[in-house]
Structures are given as C-alpha cells and as structure tokens.
Amino acid sequence: MIVISAVTALVLLALVTQAGIFALQRAYPPQGRMIEVDGATLHVVEIGPRDAGLPIVMLHGASSNLEVMRRPLGDLLAKQHRVILIDRPGHGWSTRARRQDSTPDIQARMIDAALGELGIDRAIFVVHSWSGALGARLALDHASRVAGLVMLAPVTHPWRGGVGRYNEIIAMPVIGPLLAYTITLPLGYFVTESGARNVFLPQMMPDGFVKNSATPLLLRPREFIANAYDLVTLKASVAAQAARYGEIGVPVTIIAGEPDKTVKTEAHARPFAAMVPNAKLIVRPDLGHMVQNAVPDLVKMEIETMIDRIVPGQAAAD
C-alpha cells in the first residue's frame, strides 16, 4: 500500500506539473523572435531604435530570463539605444539540445552565432551575475564581437562552498528529472516570492517583480534542470578561464555592492578588476545583488560613458 500510495502521489504531482506548465506558458508567452544556432534555439527581443549606433546586448544571470534585464534598465536604455535582450540557452523561451551545454564557453559560441544572424558586428555587452563568466568568455573567445563589457555583480572566479544542495540533486541523473517533473513546480509556487526577495537585500524587491520578470517560468522542469546544470558546472568553468582574464583588451566597467551575499564582491569583482588591463571598478557600500534594479541610472550613465569613449575611436580607426 505504501508503494501504491507513493506512485499515486507522484502521478498526481506529475499531472499538476503538466497543468502548471501549460498555465505558465500561457501567462508568459514569448515576446520576440527565435533564432536557430548550432545546438540551440535562442529567444531574442529587440527594443529601441534600430539605427541608434552601437547596439547593447543584455544577458541575464541564473534562475531568470531576459525580462530581468528588460525592466527597468533595458527599457530605460531603449529610449535612445538599440537593445538586444537574449534568453540564455535553456532559459526563458530559449532551448538547448543538450542539458550539458551549460558552460560559458558553449553559451558564448551560441550567442555569438545568434548575433551574427542578426547582423550585429559589434556591441556593448551588459551582463549580470552568472553571465559575468559568460561576458568574460565572449570577450576572450569572440573579441571582435565585443566593443565593451559592463558587468553587474558578476561571477568571475571560483568561490568557497557550493551552489545549493537542491541544484546538485536536480542535476543528478534519474532522481533530478523525477523531482523536477513532480514536486518542483508545485513547491516552487510557495517559495519563489521569498527567494526573489532575498536576492534583492539590502534593497527591497519592487512590487510585482516576480510576475513582471516572468520568474515563474523557471519552475518548468526543463528550465529548472538546465539552470541546475548551469550552476553546478560554473565553478569549474571559471577556474579554467580565470587565468586568461589578462587577455581581455576591451574596456570593462564592473558595478558591484559590498553587501551582496549572492555573489561576493571580494571573491569576484575585485580580483577580476585587478586582472583586466582596462577595467573600471565601482563598488557601492549599500548595494545588493540586483544592480540593474537598484541603480539603473548609474548603469545607464556608465554604459553611455563607455559608448562615448568607444565610438570616436572606432570612427578614427575606420
């Protein structure tokens, strides 16, 4: 009877999960176009004027999607600039053929290919959190595509500790998918709000953030598993690429906060800035992890300062 009850419960949870997936995807449909690249289909949203000079590409971190970069920062930039928002492979409405394609080097190749399809030769890249490692990899492996790099609370180096036991379990064969396709979505409804609130500290989470950022899409099994793979493979990835950071030749601006408990500035932003030749580091004593939400005007000013420095030099070179 115990076995029958357990199987019945799992079947019911699986049915609830499938109904939840349907409801989430109706609530948060794709907003842009799909671009096929080798190993992935990437969801891309373009906002702002197309003829506004050097484009700005925005890449989100873990446990999120392009909407986290869109409001308020992307919309603010789009008043004067062409802005390209991309769901990273496996996140939001982007897919990837293999869950194991979770590393910054592979995702950098996919994003570089998508920008080529869009006809974007060079751009400013604005990257948050997990995508700090991705932005660095783009600047290393696809330097001709990167005009400049603005990094917000970036992950760049190996750190002490792990990424949460639940991520390690979800990334495991068999048991991970079993949990993801049964309990993750129903349970996630009760913890998403509090989890998001903690990431903002010491700032307050904006009202309606979880809904406006389409964060519940993360609870879909395929995305939850992809996110777990991204996290459990990240430390080894940054350990492998960190020695190369001195090769980055583009201008880099890093904005981070001392109170950030999600990605510690002392372990990432400071050592990265010390290694990169043309890096500017801004550390705020009152700033948490969600830099793009807390200080969008500062980020916009730094992006535009970088563009003003790059464009005259580019014109002279031409």
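**Entry 1: the second pocket**

I began with the second largest pocket, which is lined by 18 residues, with Tyr 28, Pro 29, Gln 31, Glu 67 and Ala 214 nearest its centre. The elements that each give two or more residues to this lining are α2 (67-77) and α8 (209-212). I noted that α2 gives the most, with 3 residues. The pocket has a volume of about 200 Å³. Its lining divides into 8 nonpolar, 5 polar and 5 charged residues.

A note on what I was looking at: this is a predicted model, in which local features need pLDDT of at least 70 and side-chain atom pairs count only at pLDDT 80 or more, while totals for chains, interfaces and linings use all residues. Residues are numbered from 1 along each chain as its sequence is written, and side-chain values use heavy atoms, with hydrogens and water left out.

My terms, for later:
- A pocket is an open set of points on a 1 Å grid over the protein atoms alone, where a 1.4 Å probe fits and protein lies on both sides within 12 Å along at least five of seven lines; lining residues have an atom within 4 Å of a point.
- Grid points are joined across faces, edges and corners, and a volume is the space filled by probe spheres set on the points.
- Helices (H or I, at least four residues) and strands (E, at least two) are DSSP runs, numbered from the N terminus.
- Ala, Val, Leu, Ile, Met, Phe, Trp, Tyr, Cys and Pro count as nonpolar, Asp, Glu, Lys and Arg as charged, and the others, Gly among them, as polar.

**Entry 2: the largest pocket**

Next I looked up the largest pocket, with a volume of about 1400 Å³. Of the 49 residues that line it, Ser 63, Tyr 166, Asn 167, Val 199 and Leu 231 are the closest to its centre. Which helix gives the most to this lining? I found that α7 does, with 10 residues. At least two lining residues come from each of α5 (165-170), α7 (184-200) and α9 (221-232). By class I have 27 nonpolar, 18 polar and 4 charged residues in the lining.

Ser 63 sits in the loop between β3 and α2. Its phi is near 55°, a positive value in a residue other than glycine. I have Ser 63 as partly exposed, at a relative accessible area of 31%; buried means under 20%, exposed over 50%, and partly exposed in between (1.4 Å probe, protein chains only).

Val 174 also has a positive phi, of about 65°, although it is not a glycine. I found Val 174 in the loop between α5 and α6. Is Val 174 buried or exposed? It is exposed, with a relative accessible area of 69%.

**Entry 3: two cis prolines**

I then checked the cis peptide bonds. One joins Arg 71 and Pro 72, with omega about 0°, and Pro 72 is in helix α2. Another joins Leu 201 and Pro 202, with omega about 5°. Pro 202 lies in the loop between α7 and α8.

**Entry 4: Thr 182**

Thr 182 lies in the loop between α6 (175-180) and α7. Thr 182 counts as buried because its relative accessibility is 5%. A polar atom of its side chain lies 2.6 Å from the backbone oxygen of Leu 178. Apart from neighbours within four places in sequence, Thr 182 is in contact with Leu 10, Leu 13, Ala 14 and Thr 17; contact means heavy atoms within 4.5 Å.

**Entry 5: helix α4**

Why do I call α4 (residues 131-141) largely enclosed by the rest of the structure? The reason is that 10 of its 11 residues are buried. Among them I listed Gly 132, Leu 134, Arg 137 and Leu 140. What covers these buried residues includes β3 (56-59), α3 (104-117), β6 (123-128), β7 (146-152), α10 (234-241) and α11 (269-275).

**Entry 6: the whole chain**

To finish, I stepped back to the chain, which has 13 helices and 9 strands. Its radius of gyration is 19 Å, close to the 20 Å that the globule rule gives for 318 residues, so the chain is as compact as a globular protein of that length. That radius is taken over C-alpha atoms, and the rule is 2.2 Å times the number of residues to the power 0.38. The C-alpha trace spans about 75 × 40 × 35 Å along its principal axes. Of the 318 residues, 54% count as buried. I also noted that 80% of contacts between residues at least 6 apart in sequence join residues at least 24 apart.

Key
A polar contact is a pair of N or O atoms within 3.5 Å; within protein, one must be able to donate a hydrogen and the other to accept it, and residues adjacent in sequence count only if both atoms are side-chain atoms.
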